[in-house]
Amino acid sequence: MRVMGLDVGSKTVGIAVSDPFGWTAQGVEIIRIDEEKGKFGLERLAELVKEYQVTKFVIGLPKNMNNSIGPRAEASMAYAEKVKELFALPVEFQDERLTTVQAERMLVEQADVSRSKRKKVIDKLAAVMILQNYLDRTGNKL
């Protein structure tokens, strides 16, 4: 039983999964999406759900700094509805304010990763941070 964390962006979805005990989050991959063409990466997501035996989703909710819901949060909520309909699994939201900023800072300060390489992993690292924050907040109870 694993939890899958998703960092939903306008062009990509970062994917992370918990270990079987629900203690740690590991990055899996980044799925490309194209909202204009109606391609949301759900086929690949289904493969990963089966591979990792996912039992719950945690989706980052990018609220505005004043705690209001803006266009990006609405897009994440719409993606969550698609996930709920397709997989019939529980979906929870995790406040993800500043996780991408934290992930970028981590890659620059601790790993000295170049800008071009950061773009390739930033969403996956943000998904890890979203999921790890959720696991820590819930006491790692799957």
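Tutor: Two residues are in contact when heavy atoms of theirs lie within 4.5 Å. With that in mind, let us read this model, which is predicted.

Student: Which residues is Ser76 in contact with, leaving aside its neighbours within four places in sequence?

Tutor: Ser76 has its place in helix 2. Beyond its sequence neighbours, Ser76 contacts Val8, Ile59, Gly60, Leu61, Pro62 and Phe93.

Student: Does Ser76 count as buried or exposed?

Tutor: A residue is called buried when its relative accessible area is under 20%. Ser76 has a relative accessibility of 0%, and therefore counts as buried.

Student: How should I read the packing of helix 1 with helix 2?

Tutor: Two packed helices are described by the angle between their axes and by the distance between those axes. Here the axes of helix 1 and helix 2 come within 12 Å and cross at roughly 55°. Helix 1 is therefore oblique to helix 2. The crossing, as helix 1 passes helix 2, is right-handed.

Student: Which residues of helix 1 meet helix 2?

Tutor: Helix 1 contributes Leu42, Leu45, Ala46 and Val49, and they meet Tyr79, Lys82, Val83, Leu86 and Phe87 of helix 2. Sorted by class, this contact comprises eight nonpolar residues, one charged residue and no polar ones.

Student: Which residues does Tyr79 touch?

Tutor: Not counting residues up to four places away in sequence, Tyr79 touches Leu6, Val8, Val13, Phe40, Leu42 and Leu45.

Student: Where is Asp123 found, and is Asp123 buried or exposed?

Tutor: Asp123 belongs to helix 4, which spans residues 115-137. Its relative accessibility is 16%, so Asp123 counts as buried.

Student: Which residues does Asp123 touch?

Tutor: Apart from residues up to four places away in sequence, Asp123 touches Asp7, Thr12, Gly14 and Ile30. Asp123 and Gly14 are 109 residues apart along the chain, yet their C-alpha atoms are separated by 4.6 Å.

Notes: Residues numbered from 1 in each chain as written. Predicted model: local features only at pLDDT ≥ 70, side-chain atom pairs only at ≥ 80, totals over all residues. Heavy atoms only, no water. Axes fitted to C-alpha atoms, helices over the stretch in contact; angles between N-to-C directions. Helix = DSSP H or I, 4+ residues; strand = E, 2+ residues; numbered from the N terminus. Parallel < 35°, antiparallel > 145°, perpendicular 65-115°, else oblique. Left-handed = near helix turned anticlockwise from the far one by under 90°. Nonpolar A, V, L, I, M, F, W, Y, C, P; charged D, E, K, R; others polar. Buried < 20%, exposed > 50% of the residue type's maximum accessible area, 1.4 Å probe, protein only.
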